[in-house]
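This report describes selected backbone and side-chain features of one model. The sequence and structure are shown first.

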Amino acid sequence: MLSQEKMKRISKFDRPMLDTPITVRVIFQKTGNLQYFSHLDLQRTWQRVLVRASIPMWYTQGFNPHSKIVFGVPLPVGSEGMEEMVDLRIDREITCDEIKNQLNAELTSEMAVSEVYVPETTYMQIAWGVYEITVKTPGDTTANAAAIHELFNVATAPILMTKRSKSGDKEVDIRSMIHAVKATADCNGLIHIRATLRAGNTENLNPEYLIKAVRERLGLIPENAPADEVWYRILRIGFHDEKGVTTGKWFR
C-alpha cells in the first residue's frame, strides 16, 4: 500500500511554475551501510530519489536535459556523516517542508533528511570538516588516548604521508591540514577523537590518514587484529569556515 505521504502528494506538473528557479539546500545523513557508497553512487541514488519523490527539479535545455544537483564536500568512503548537504534547483512552487517530507518518504533512515531551506551561502566558504572518531584498541585506554593526543598536539615533527591525487601520489605533511585534535578515553574502554581537518575546494584531508598515522607512529589499531578487539568509526558532524564559524545544519 502507498504511504499517506505518497497518497496526498501533488504531481510536480500540477504545481505553478516559478518566475525564476530557486536553489534549496537539503541536509541529510549518510550512515550505516551507506558509508560504503562512493560519491558517484550517492549522485545516482539522489537522481532516482528526486524523480520518485516528485520534486519539481529545474532541467537544462537542449538535447540532453539534466537536473541541477550540487553536493557539498564529498564524504570519504568508509566515513559516515550527519550533516551532509546537497543543493537542488527547483522551478515550481513547493515548500521546504513538502520537499523534506516527500524525500523522507522515499529514503531509509540511513539517509534521512533533517532540514531543507533556501541558502544564503556557498560551499566555497567551507574550509574545515569536524569529525568524531571512536576507536576500540587493546591496551591501556587512558594511556593510548594520551599518546594520540600528544602525537597531534605536542609533537612537532612532520607527519609525512603518501597522499593520492589526480596528478599522482605525493608525500605531504598532514600536520598542516589539521586544525585541532582532542583524544579522550571513556569508562567503556573506548577512545574518542574529535578532529577538525581541512575540507573544501582547495584542500582535503581524509580522516583515514589520522588512523594511518596512529597505526604507523604508535602501533595502535593494528590492521589484522580480530574485529571484536580492534575497530574504529568515523563520523563527520559538521563544518567550519576559515574563521572557525560553525556551518552544517546552520550553514545558511
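## Backbone in two loops

In this predicted model, S54 is placed in the loop between helix 2 (39-52) and strand 2 (69-71). Although S54 is not a glycine, its phi is positive, near 60°.

A positive phi also occurs at I221, which is not glycine either, with a value near 55°. I221 belongs to the loop between helix 5 (208-218) and strand 10 (231-241). Because its relative accessible area is 2%, I221 is classed as buried.

Side chains of opposite charge can pair when their charged atoms come close. The whole structure contains 8 salt bridges. One of them joins D87 and R25, with 2.8 Å between the closest N and O atoms. D87 lies in strand 3 (residues 80-92) and R25 in strand 1 (residues 17-30), so the pair links distant parts of the chain, 62 residues apart. D87 is buried at 11% relative accessibility, and R25 is buried at 1%.

R52 and E106 form another salt bridge, with an N to O distance of 3.4 Å. R52 is partly exposed at 43% relative accessibility, whereas E106 is buried at 15%.

## A linked network

The side chains of R198 and E242 meet at 3.0 Å, N to O, in a salt bridge. R198 sits in strand 9 (residues 191-198) and E242 in the segment after strand 10, with 44 residues separating them. R198 counts as buried, at 18% relative accessibility. Together with E203, R198 and E242 are linked in a salt-bridge network.

Conventions. Residues are numbered from 1 along each chain as its sequence is written. This is a predicted model: local features need pLDDT of at least 70, side-chain atom pairs count only at pLDDT 80 or more; totals for chains, interfaces and linings use all residues. Side-chain values use heavy atoms; hydrogens and water are left out. Helices (H or I, at least four residues) and strands (E, at least two) are DSSP runs, numbered from the N terminus. Buried means under 20% relative accessible area, exposed over 50%, partly exposed in between (1.4 Å probe, protein chains only). A salt bridge is a side-chain nitrogen of Lys or Arg within 4 Å of a carboxyl oxygen of Asp or Glu.
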